Amino acid sequence: MKEMAVELFNDYAFFLVFLHVLGAIVWVGGMIGMRLAVHPGLQHIEDPKKRMARTLEIVRNLFALVLPFIVLILLTGLVMGLAVGAPGTELATVVYLKEAVWSIMTVNYGVMVYRRNVAERRFVSGDMAGAREMMEPIPNLMLPINIALGVLALVLGIYLRGF
């Protein structure tokens, strides 16, 4: 597997790095846009039902958009990590750290998707308080955590590329 990853990286390094960075841009950038632009704008919708319906729709769309990019980051990161992260080297430690960061972000993403889906079921059944309770941690805690971790992962990625 390592030999195949090294060969892929040697032949397609530009494309692998490009796709990896594109995935990070969409995922991290989408979360930043959601937290800093979309979420505050939604707060101006006065009708709580309309605000919740719009929030659930927008969050569903964001989560659907970023899922293929999360898979892309995983696949390209696996190839690049195997190719450059020789065990026992300084780069291996950074690769493992970056993998841990993306893994935590992915688990957090999964929990956000779960909370959003539960919120939608509660909303549809008329339980506005329950829907709000499930959604509240997403913009106030979970997105900021993933944004901070995403920025850290980007810094680690730049370090791995030798800048």
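A nonpolar core is taken here as a set of buried Ala, Val, Leu, Ile, Met, Phe, Trp, Tyr and Cys residues joined through side-chain atoms within 4.5 Å, where buried means under 20% relative accessible area with a 1.4 Å probe, protein chains only. The model is predicted, with local features needing pLDDT of at least 70 and side-chain atom pairs counting only at pLDDT 80 or more, while totals for chains, interfaces and linings use all residues. Residues are numbered from 1 along each chain as its sequence is written, and side-chain values use heavy atoms, leaving out hydrogens and water.

**Nonpolar cores**

- The largest nonpolar core holds 34 residues, of which Trp27, Met31, Val66, Trp102, Met105 and Met135 touch the most other members.
- At least two residues of this core come from each of H1 (2-42), H2, H3, H4 (128-135) and H5, helices being DSSP runs of H or I with at least four residues, numbered from the N terminus.
- H2 gives the most to this core, with nine residues.
- A second, separate core of seven residues includes Phe9, Val17, Met80 and Ala83.

**Helix packing**

- H3 (residues 90-124) and H5 (residues 137-160) pack at about 160° with their axes 9 Å apart, which makes H3 roughly antiparallel to H5 (an angle over 145 degrees, on a scale from 0 to 180 degrees between N-to-C directions, with axes fitted to C-alpha atoms over the stretch in contact).
- H2 (residues 48-84) and H3 pack at about 155°, with their axes 10 Å apart, and H2 is therefore roughly antiparallel to H3.

Methods: Angles under 35 degrees count as roughly parallel, over 145 as roughly antiparallel, 65 to 115 as roughly perpendicular and the rest as oblique. Buried means under 20% relative accessible area, exposed over 50%, partly exposed in between (1.4 Å probe, protein chains only).
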